Structures are given as C-alpha cells and as structure tokens.
Amino acid sequence: MEEKSMYSPVTLLAQTDSYAFEELMNTHLSGVYRLCCWLVKDPVAAEDLTQEVFLQAYRHLGSFRGESQLGTWLYRIAVNESKRYLRSWSVRKLLYFSPSHTTFETASGPALSDEENGSALKQLERLVHSLPFRHKQIIVLYYYEELSAERIAEILDMKVGAVYTRLHRAREALKKKALEEGTEWIWTND
C-alpha cells in the first residue's frame, strides 16, 4: 500500500530544489506556450514570454498562496505578461509587419487534410486574432484551451458571471467581424 505524502504539491515545490520546478515546467510548458502564442500571435515572442512566465513563477513561488491550482496561477501570469507585451510601444508599432506571424500555424496544431475545413479554421483564427485583447483572451481560454468558466474566472480574477458575459460579447464581436467581411458564420454553438 502506497503511503500518501502529508505535504501539498505547493509545499513540496517550495521546499525542494530545482528538480521540482523543472517538473512544474515540464508539466505546464506546452500549455503556457500555446496560450502565449494565441494571445500575442507570434511564436518567437511567445517563447520569450513563456520563459518570462516561468521566471516570474520562480521568483514569486513563495508568495503563491495555494488558493488555486499551479496551472491556473501560471496561466494568470501568462495572460498578464502577454498584456504587458502587447502594450509595449515596439509591439504596437511593429505588430502588423512581423514576418514571424506567417509561422503561427505551427503553434495552433497540425494542418487539416480537408482543405476547405482548414481554410475555414484559418479564417476563424484570423478573426479571433483581430478581436480586442479582452475578447481574444476569453475566446482562447474557453474554446482553444478548453478551460471551464470557473477556471477562467480564477485566471482573470473575475466573477464567473462576468466570464460568461465577456464570452457572449466576444462571440458577438467575432460574429460581427465575420459578417462585415462577408464571411459565412461557422460558429456552431450560437
């Protein structure tokens, strides 16, 4: 019979060496990177942001209160770091001219074999990226990261009802952009 540890993962993490932090990184690295890619639309910047997220987590591990899951805490840091990055002057000036944007599809998964579905999904992806950050982040967290409204509320430090309201508004903004462009509305859970 296995003996259960008397310590929580947070307690063990705070008390152990870099090996435990390496395990935390291995567990959450791909999710944090994927979220940063979605939010900043630049894989190279997302790599830098992912490193910054884990540096911030390492620096502030002692202040983590354990009121949420470690993954939720890391996602909150990732969202905040992505916001900070997008607000920076250089990004606002250079965002639309970055050649790295053409490689974003590598962060959103494998290409679809059905050309029409692939085209529709790429069009939806483009529309999602054209949304204001507050709408984009909620769409990405809910639909692409498949997080619950409760977990999103923890990450964004808001009430669950506000998550649903913002999600509804984001879908409406997405639908409006699609219709303005003459694109067929493909979202199925309207």
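**View 1. Buried residues of helix α3.** In this predicted model, helix α3 buries P43, A45, A46, L49, T50, V53, F54, Q56 and A57. The helix covers residues 43-59, 17 residues in total. From first C-alpha to last, α3 reaches 24 Å, close to the 24 Å expected at 1.5 Å a residue. An α-helix has 3.6 residues a turn, so residues three or four places apart point the same way.

**View 2. The N-terminal cap of α3.** D42 caps this end of the helix. One of its side-chain oxygens lies 3.1 Å from the backbone nitrogen of V44.

**View 3. An aromatic pair, Y142 and Y143.** Searching the whole structure gives two aromatic pairs. Y142 and Y143 form one of them. Y142 is partly exposed, with a relative accessible area of 27%.

**View 4. A charge over a ring.** Here R151 meets the ring of Y75. The charged end of R151 sits over that ring, 5.7 Å from its centre.

**View 5. The whole chain, for orientation.** The chain holds nine helices and zero strands. Read from the N terminus, its elements run α-α-α-α-α-α-α-α-α. It has 190 residues, and 39% of them count as buried. Of the contacts between residues at least 6 apart in sequence, 65% join residues at least 24 apart. The chain exposes about 11,900 Å². Carbon and sulfur atoms supply 52% of that area.

Notes: Residues are numbered from 1 along each chain as its sequence is written. This is a predicted model: local features need pLDDT of at least 70, side-chain atom pairs count only at pLDDT 80 or more; totals for chains, interfaces and linings use all residues. Side-chain values use heavy atoms; hydrogens and water are left out. Rings of Phe, Tyr and Trp (its six-membered ring) pair if their centres lie within 6.5 Å; planes under 30 degrees apart count as stacked, over 60 as edge-to-face and the rest as tilted. Buried means under 20% relative accessible area, exposed over 50%, partly exposed in between (1.4 Å probe, protein chains only). A charge sits over a ring if NZ of Lys or CZ of Arg is within 6 Å of the ring centre and within 35 degrees of the ring normal. Helices (H or I, at least four residues) and strands (E, at least two) are DSSP runs, numbered from the N terminus. The expected span of a helix is 1.5 Å times one less than its number of residues. A polar contact is a pair of N or O atoms within 3.5 Å; within protein, one must be able to donate a hydrogen and the other to accept it, and residues adjacent in sequence count only if both atoms are side-chain atoms. Contact means heavy atoms within 4.5 Å. Accessible areas come from the Shrake-Rupley method with a 1.4 Å probe; for residues, only the protein chains shown count as cover.
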